[in-house]
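Student: I am new to this structure. Could you take me through a few parts of it?

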Amino acid sequence: MPRKDNFRGEDLSDLFSDHELVNIEICPVCGAKEFILWAECGSTQALKCDNCALVFMNPQLSEEGLTDYYSNYIGKRRINNLEKMKLRSDQYKLDANVLSRFISAGKLLDVGCNGGFFLSELGNKFDRYGTELDPSAVKFAQENFPEFGKNIYQTSIEKAHFDEKSFEVISMRGVIEHVGNPVEVLNHVSKLLKSDGFFYICATPNGESLLADLYRENWTLFHPVQHLWHFSPNNLEILCNKFGLKLVWKESQYLNTPYADPKADIINIYKKIENSNLDQISPPFFENMMSLVFQKI
């Protein structure tokens with residue numbers, strides 16, 4: 001019998017049956033070929049590298065399949081959910097404040113910028129650019145943010161026509177876990193950054209967090225299509241180092257975020273562990289998400 005590809009009420013059956021699937025045979029971080037089963041989900045599995053602890057989906061949708069999935073992503077998963085948009089807006093401000101500790105002006109590229117929401121929080125001191133695959137999101141940014149909308153391009157960073165060493169900052173907010181080829185993406189990040197420029201990763205799942213290990217496929221940040229790679233600060237640092245990107249800062253945001261309810265979250269987790277009941281979706285918690293700043297050397 002074919003596996004069911006219904007994930008938390010989202011029917012992924014046509015997506016997996018209509019598009020080519022790509023098998024990952026070598027860890028993109030360390031080159032290892034030995035993996036252990038971490039979780040199962042319909043037509044795909046989550047494997048964990050036995051050497052560097054990278055967790056990744058295998059097989060994964062091809063580039064064509066991912067493009068299909070993310071078409072009108074902004075309409076299906078962003079602007080129509082007003083409650084989540086308010087929470088994200090508060091988080092965008094926190095993430096923008098982190099970046100301001102390192103740099104407050106310059107030419108900036110936001111990769112996977114969606115509708116330009118994060119860019120809008122960065123202020124006019126930045127010369128703002130963005131790349132985005134979803135045509136609906138590009139149109140939204142161009143129509144709603146005239147101050148930088150003309151600089152939003154429907155493309156990937158690998159195919160964008162920017163000059164090398166042309167940006168002081170490149171940001172990826174909840175993006176690196178989505179891309180089909182993180183090695184190629186980081187290679188282009190390095191090429192486009194000026195010397196001493198900053199690469200800012202935030203709102204990114206931490207694959208070595210406590211709740212990731214406890215809940216696996218019921219971890220709130222697990223998704224068989226959206227989150228192809230669950231990096232940790234350690235293995236992401238290893239990969240970035242290959243492209244001359246040195247880690248200069250890292251943090252796991254939780255307490256100061258709009259998603260945190262420490263007392264309720266801790267009680268909820270304790271009850272589930274005590275009753276061996278981990279089949280419900282995990283709550284927000286410490287170390288679930290990570291923010292990292294790298295500098296081009």
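Tutor: Begin with S8 and strand S9 (residues 126-132), which run parallel and are joined by six bridges. Strands here are DSSP runs of E with at least two residues, helices are runs of H or I with at least four, and both are numbered from the N terminus. Two strands pair if DSSP finds at least two bridges between them. This is a predicted model, in which local features need pLDDT of at least 70, side-chain atom pairs count only at pLDDT 80 or more, and totals for chains, interfaces and linings use all residues. Residues are numbered from 1 along each chain as its sequence is written, and side-chain values use heavy atoms, with hydrogens and water left out.

Student: Which residue in S9 is the bridge partner of Lys107?

Tutor: S8 covers residues 106-111, and its parallel partner S9 covers residues 126-132. In S9, Lys107 is bridged to Asp127.

Student: How many residues of strand S8 are buried?

Tutor: Buried means under 20% relative accessible area, exposed over 50%, and partly exposed in between (1.4 Å probe, protein chains only). S8 is largely enclosed by the rest of the structure, because the buried residues among its six number five.

Student: Which residue in S11 is the bridge partner of Leu108?

Tutor: S8 also pairs with S11, in the parallel sense, over three bridges. Strand S11 consists of residues 167-173. There, the partner of Leu108 is Val169.

Student: Is Ser171 buried or exposed?

Tutor: Ser171 lies in strand S11. Leaving aside neighbours within four places in sequence, Ser171 is in contact (heavy atoms within 4.5 Å) with residues including Leu108, Asp110, Phe118 and Tyr200. Its relative accessible area is 1%, so Ser171 is buried.

Student: What arc do the buried residues of H6 cover around the axis?

Tutor: In helix H6 (residues 135-144), Ala137, Val138 and Ala141 are buried. The arc is that of the directions from the helix axis to the C-beta atoms. These residues are on the same side of H6, because the arc they cover is only 100°.

Student: Which exposed residues does the face turned away from the buried side of H6 carry?

Tutor: The buried side has Ala137, Val138 and Ala141. The face turned away from that side carries Lys139 and Glu143.
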